[in-house]
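Q: Could we go through this structure together? I should like to begin with the overall picture and then turn to particular side chains.

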Amino acid sequence: MPVLNGLWTGVRDQTLGAREGSGSESTSQSGSVPAWVWPLGAPVPCGGLPLELPALLKRIRTVWRARLTLLGPRRAEVALEREDACSCLTGDGRLRGHTVILSERRGSYPLIDLRLLNNTAQQGETGSRRKLKRLLSFQRYCHASRLLTGLSPHTSLHLLDDDYHAQAGHMLSKVGTWNFDIFLFDRLTNGNSLVTLMCHLFNVYGLIQHFQLDMVKLHRFLGMVQEDYHTQNPYHNAVHAADVTQAMYCYLKEPKLAELLTPLDMFLALMAAAAHDVDHPGVNQPFLIKTKHHLASLYQNTSVLESHHWRSTVGMLRESGLLSHLPPEETQDIEHQLGSLILATDISRQNEFLSRLKAHLDQQDLNLEDSQHRHFILQIALKCADVCNPCRVWELSRQWSERVCEEFYRQGDLERKFDLEISPLCNQQSDSVPAIQIGFISYIVEPLFEEWMRFTDASDLAESMMGHLRKNKARWRQLRQEPQPGSPLQEEAEGPEDSGTP
């Protein structure tokens, strides 16, 4: 935004001038980070006084309001309109740096979905849009600033009180337990569960020190990833990514696997889990194909969404410069291995990976000291983490089931609105939540986790997951046959077979 960026630049220049006058260095210890990008928790110099970030924000707010007063009513109105224009820019206008791959961040919404959004905006926002934006909080203006975007949630937009930080920290001490409540953790971190979790796990495994990662660049990259998950998706959002990342961490701790993993293996596994669904449009591949979406044409109708998730991740890695200090050959290898992991989550390749895993287990020829075999097991682990919701405790599993079905039903409503054939599982009138979950468990989840349990030699975690899976499947069968009166699933559970309607 012009106003805030100008104020921030003035503060920065003043600080740098003071430092130059005192003969201090103008760069960080690494020599690559400007001195005005302050580390987490450090006081921010402002007018010669060290201020914590909340105090700095109050100072900026005061100066900003004073400037608008001095500008006069008309010029202040123009300034507000300029900030509105900047904050309303879509992601298609973002610069992608010098990346050579195709990057589609924020540009992958289906065309039909975009038309609906545009029509809705034109109908309701014309008259009161300016007034509404003026009522938004100061944090909203900070959120639109590219300078602050991507910084740690502790130092940027989401200023939480000490009680929330303490509770989130307590939850992180138990992040390796299978009953970890990612929904509660997301609330405690004010919607920053993915960034907070990834930073914590990178510290747990010592990946920041091992790869000599720049903390500012790491926060910038993770902020990009979290931001590029669509919050309006009931299921494929940043909370799902955080949930998959937490599950992957649990799998990396399996005794049969943990001792043989290298830092690169752990880095790839966590990065792929965090970004495996980035910029997901909330519809499936068949929808993109039949609506002739540009992504379907680009990737020739093969692993369309997974290819887009991978290419977007590589684009963000290069834009953030997170791996720019590594040799080009090593960076290229990391990018390709990330692609191999993310592409493995394509559900249409389920039988391919399952058959290969069965063959390895039957022949007992898995050698985890071999990097290719370890990579294959990481692919299986990511596939398990991606579909592990039915293996969670019922309270968490049910929430995820209702969310994914809601996303299916939204796609079905779009298809019905535009006279398209309704995709399987997307018809709310005939596809009930229990029926969808029973089929998903029977044909996708159970076969995969049975082989995973064989691989882990029936570890405690694998036994626990299979126990939850069987109980949850029984609960869904009960809900399908005998829905409880007043239950939110009662209407959905009354499918055509149960209700007797055609």
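A: A definition is needed at the outset: a contact means heavy atoms within 4.5 Å. This is a predicted model. Among contacts in the chain with a separation of 6 or more, 75% are between residues 24 or more positions apart.

Q: How many helices and strands are there?

A: The chain has 25 helices and 2 strands.

Q: What percentage of the residues is buried?

A: Of the 502 residues in the chain, 50% are buried. The accessible surface of the chain is about 24,300 Å², and carbon and sulfur atoms hold 52% of that area.

Q: On to H21. What span should its 24 residues have, and how far apart are its end C-alpha atoms?

A: Helix H21 covers residues 394–417, and at 1.5 Å a residue it should span 34 Å. Its end C-alpha atoms are 34 Å apart, which agrees with that expectation.

Q: Changing topic: how many salt bridges does the count come to?

A: The count comes to 12 salt bridges, taking a side-chain nitrogen of Lys or Arg within 4 Å of a carboxyl oxygen of Asp or Glu. In general, side chains of opposite charge can pair when their charged atoms come close.

Q: Which salt bridge does Asp243 form?

A: The side chain of Asp243 meets that of Arg392, with an N to O distance of 3.1 Å. Asp243 belongs to helix H12 (residues 238–252), while Arg392 sits in the loop between helix H20 (371–386) and H21, so this pair ties together parts that are 149 residues apart in sequence.

Q: Are those two buried or exposed?

A: Asp243 and Arg392 are both buried.

Q: What about Glu446 and Lys473?

A: Their side chains meet in a salt bridge of 3.2 Å, N to O. Glu446 is in helix H22 (residues 433–455) and Lys473 is in helix H23 (residues 460–481), so the pair ties together parts 27 residues apart in sequence. Both Glu446 and Lys473 are buried.

Q: Now Phe267, please. Where is it, and is it buried or exposed?

A: Phe267 is in helix H14 (residues 263–275). At 1% relative accessibility, Phe267 counts as buried.

Q: Which residues does Phe267 touch?

A: Not counting residues up to four places away in sequence, Phe267 touches Phe202, Leu207, Phe211, Leu213, Leu323 and Ile334. Phe267 and Ile208 are 59 residues apart in sequence, and their C-alpha atoms are 9.6 Å apart in space.

Q: Lastly, the cysteines. How many disulfides are there?

A: The count of disulfides is 0.

Note on methods
Residues numbered from 1 in each chain as written. Predicted model: local features only at pLDDT ≥ 70, side-chain atom pairs only at ≥ 80, totals over all residues. Heavy atoms only, no water. Helix = DSSP H or I, 4+ residues; strand = E, 2+ residues; numbered from the N terminus. Buried < 20%, exposed > 50% of the residue type's maximum accessible area, 1.4 Å probe, protein only. Areas by Shrake-Rupley, 256 points an atom, 1.4 Å probe, with all protein chains shown as cover. Expected span 1.5 Å × (residues − 1). Disulfide = S-S within 2.5 Å.
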